[in-house]
Structures are given as C-alpha cells and as structure tokens.
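Colleague: I have some time for this model now. Could you put it up, and then we go through pockets, rings and backbone?

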Amino acid sequence: MISSKKILASYPLTLKTINLPNLGKKYQGKVRDFYIQKDKRITVTTDRQSAFDVVLGYIPFKGAVLNQLAAFWFDKTKKIVPNHLISVPDPNVLISKNCKPILIEIIVRGYLTGTTTTSLWYNYEKGERIMYGIKFPDGMIKNQKLVKPVITPTTHEASGVHDRVLTRKQILEEKLVDPKLYKKIEDIALKLFAYGTKYAEKKGIILVDTKYEFGLYDGKLTLMDEIHTPDSSRFWVKKTYQERVKKGLEPESFDKEFLRIWYVEHGYRGEGKPPTMPSELAVKMSQLYIGIYEKLTGKKFKAFDYPIEQRIKQNLKKAKVI
C-alpha cells in the first residue's frame with residue numbers, strides 16, 4: 001500500500017483535467033475527459049471525485065485505479081457481453097470504441113442500503129415500500145441482503161444534474177429503449193452482477209450494488225464506461241459484515257460510500273454548496289480505492305509521481321494517438 005505521506009504529498013498535484021488540443025474538442029463527464037476520433041474514443045480518467053451528482057474534490061491516484069480496475073473487469077467479462085475496450089496506453093487512459101450511448105444507467109442492487117436520494121435505504125427509511133416499481137416488505141433493516149438482486153434504473157444526466165428514478169414500465173412507455181433491447185440489457189446486467197459477486201466473494205469481498213452503462217457499436221449491445229469500480233459499486237468486507245450489521249454498525253467498505261456518509265454527516269446531500277473536502281478525507285479515500293484494487297486484482301498498485309499530464313501525452317504519442 002502506498003504510504004499516506006506520499007498520498008498527501010500528491011494531493012496538490014492531482015489530475016483535475018487535461019487539455020489535448022491535437023485531439024480536437026474536449027468533452028467532460030463527472031470524472032472523465034474524452035476526445036472522439038472517428039470510431040474511437042480517447043478517455044482520460046481524472047482524479048475528480050463526484051458524489052450526489054456533484055464534483056466534490058480530487059483524490060490522488062483515483063483516476064489510475066478506476067481506469068485499470070475497469071480494464072481488468074472488461075477483460076474478465078468479455079465473454080458475457082462485448083465491451084468498448086481497445087487498449088490502455090497509460091494508467092489513466094483508455095482507448096475504446098466510440099459507442100452510441102443508451103442514456104439509462106442500470107443499477108443492480110443486492111442489499112438495502114445507501115445514502116443518496118435515489119438509494120433504496122434512503123427511501124425505505126422514509127416509509128416508501130414500492131421503489132422503482134418493486135415492492136419491498138416491512139421490517140427490513142439497513143444493509144440487509146435482498147432475497148435476490150433487483151434492477152433500479154435511472155436516467156444518465158450531466159454533472160450537477162440529479163439522475164431521475166425510472167421503472168421498467170416508464171422506460172417502455174416513454175420509449176427510452178426498445179423493449180427487446182431493454183430485456184437483453186436487464187438479462188446481461190444480472191449476469192454481470194452474478195459474475196462479479198462470485199468473483200469478489202473469493203477475494204473476501206461482497207459486491208453490494210453496481211452501475212452499468214451500455215451503448216451500441218455497429219448495432220451491437222456493448223458495455224461501456226466502467227465496471228465494478230469503487231466509483232460505480234459498493235464493496236463490503238465479507239468477514240465482518242454479519243457482526244457489524246447485528247451491532248447496527250456500517251459494514252467495512254472499500255468505496256465512495258465512506259465519503260458520502262461524511263458529507264451527509266456534515267449536512268450535505270447534493271443541494272447547495274458542498275463543504276470543502278479536507279485533505280485527510282482525500283487520503284482516506286485514496287487508500288480505500290487502492291485497497292480494493294489490490295484485493296480484487298491480486299496485484300500491487302504501481303505508484304507514480306505527480307504531475308502526470310506530460311506522461312499521458314508521451315504515452316499517447318507512443319500509441320500514435322497524437
């Protein structure tokens with residue numbers, strides 16, 4: 001594990017964004033900057049940290065963890081569904097097929113948890129029993145395992161705009177996705193979640209819930225964006241889960257829920273101006289992200305020195321991208 005001293009020293013130099021004018025127009029998501037070159041997309045995963053659909057700060061090494069962990073999972077799951085990955089010329093860069101996005105996020109949940117306004121527990125605690133068109137029984141507790149995983153879709157909005165909760169009925173009635181295609185998306189999402197659950201369990205980790213994004217490439221359904229990263233998923237430590245839940249404690253986690261809880265405790269849930277992220281929280285988040293990368297891949301995360309903009313440009317030149 002990288003020392004907290006090195007993480008803290010890297011904090012002022014994190015990759016907030018990158019300009020690659022030779023690649024044309026820059027597009028930005030919440031976490032990623034990307035450029036489109038004909039049928040390819042060059043994506044740079046930055047160190048921006050988002051939660052509640054808002055960029056809250058910057059986490060050292062986060063971009064490299066997300067990019068490399070997503071590439072790891074893309075390789076593991078390519079037999080389940082084609083994905084957009086072409087190559088990884090730099091720890092923070094992914095070259096992919098330029099898919100036509102399906103503007104729906106498919107969230108698969110295996111547990112009753114969460115702090116965001118779209119999460120199951122947040123709404124269940126308020127008394128809601130029908131969520132995303134799914135009926136939940138009375139008497140459940142926070143972080144309880146569901147009888148079976150459920151799909152809770154939302155819209156995919158720009159940074160700063162809250163995603164809209166959807167049901168399968170709404171998706172079909174509003175003709176957001178073709179019915180046959182949506183059925184296929186649901187089936188594949190559940191297969192991906194089952195695979196991820198089984199794999200993570202072998203590593204002593206519970207895959208709690210996750211988000212998948214799909215697109216079309218040459219008319220074929222294609223998995224894109226990222227898969228099973230600590231930004232798009234919750235991960236709990238299996239060994240201590242039962243005991244902590246019985247005591248009413250939060251499970252040990254390796255994801256951004258730790259950050260969400262910190263912000264909720266400081267009165268922020270996505271509305272108004274967020275509190276400034278302290279450097280101690282950024283260091284903790286970096287350690288959590290690196291920790292889950294190492295647990296899931298079985299590899300030691302390779303540290304590097306910031307700033308990294310020049311390294312990225314040099315690696316893109318070597319890959320003959322710029």
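Modeller: A word on terms to begin with: helices (H or I, at least four residues) and strands (E, at least two) are DSSP runs, numbered from the N terminus. This is a predicted model, in which local features need pLDDT of at least 70 and side-chain atom pairs count only at pLDDT 80 or more, while totals for chains, interfaces and linings use all residues. Residues are numbered from 1 along each chain as its sequence is written, and side-chain values use heavy atoms, with hydrogens and water left out.

Colleague: Where does Pro-307 lie, then?

Modeller: Pro-307 lies in the loop between helix 8 (279–297) and helix 9 (309–318), and the peptide bond that joins Tyr-306 to Pro-307 is cis, with omega about 0°.

Colleague: Which rings form a cluster with Tyr-306?

Modeller: Ring pairs link Tyr-306 with Phe-61, Tyr-293, Phe-301 and Phe-304. Rings of Phe, Tyr and Trp (its six-membered ring) pair if their centres lie within 6.5 Å, and planes under 30 degrees apart count as stacked, over 60 as edge-to-face and the rest as tilted.

Colleague: How many aromatic pairs are there in the whole structure?

Modeller: The search finds 19 aromatic pairs. One of them is the edge-to-face pair of Phe-72 and Tyr-199, at 5.9 Å centre to centre and with 65° between the planes. Phe-72 lies in helix 2 (residues 62–77) and Tyr-199 in helix 5 (residues 179–202), so this pair ties together parts that are 127 residues apart in sequence.

Colleague: Are those two buried or exposed?

Modeller: Phe-72 and Tyr-199 are both buried, where buried means under 20% relative accessible area, exposed over 50% and partly exposed in between (1.4 Å probe, protein chains only).

Colleague: Which rings have a lysine over them?

Modeller: Lys-16 lies over the face of Tyr-58, 5.0 Å from the ring centre, and the charged end of Lys-284 sits over the ring of Phe-258, 5.5 Å from its centre. The criterion is that NZ of Lys or CZ of Arg is within 6 Å of the ring centre and within 35 degrees of the ring normal.

Colleague: Pockets next. What volume does the largest pocket have?

Modeller: The largest pocket has a volume of about 1200 Å³, counted as the space filled by probe spheres set on grid points that are joined across faces, edges and corners. On a 1 Å grid over the protein atoms alone, a pocket is an open set of points where a 1.4 Å probe fits, with protein on both sides within 12 Å along at least five of seven lines, and lining residues have an atom within 4 Å of a point.

Colleague: And which residues lie nearest its centre?

Modeller: Of the 49 lining residues of the largest pocket, Lys-30, Glu-105, His-156, Lys-211 and Glu-213 lie nearest the centre. The largest share, 5 residues, comes from strand 8. The lining divides into 12 nonpolar, 19 polar and 18 charged residues, with Ala, Val, Leu, Ile, Met, Phe, Trp, Tyr, Cys and Pro counted as nonpolar, Asp, Glu, Lys and Arg as charged, and the others, Gly among them, as polar.

Colleague: What about the second largest pocket, how is its lining divided?

Modeller: That lining has 8 nonpolar, 3 polar and 4 charged residues, and the second largest pocket holds about 300 Å³ of space. Among its 15 lining residues, Tyr-111, Lys-145, Thr-197, Glu-201 and Ile-206 are the closest to the centre, while strand 11 (144–151) gives the most, with 4 residues.

Colleague: Back to the backbone. What is phi of His-228?

Modeller: Phi of His-228 is near 55°, a positive value in a residue other than glycine. His-228 lies in the loop between strand 14 and strand 15 and is buried, with a relative accessible area of 1%. Asp-218 also has a positive phi, of about 55°, but Asp-218 is exposed, with a relative accessible area of 69%.
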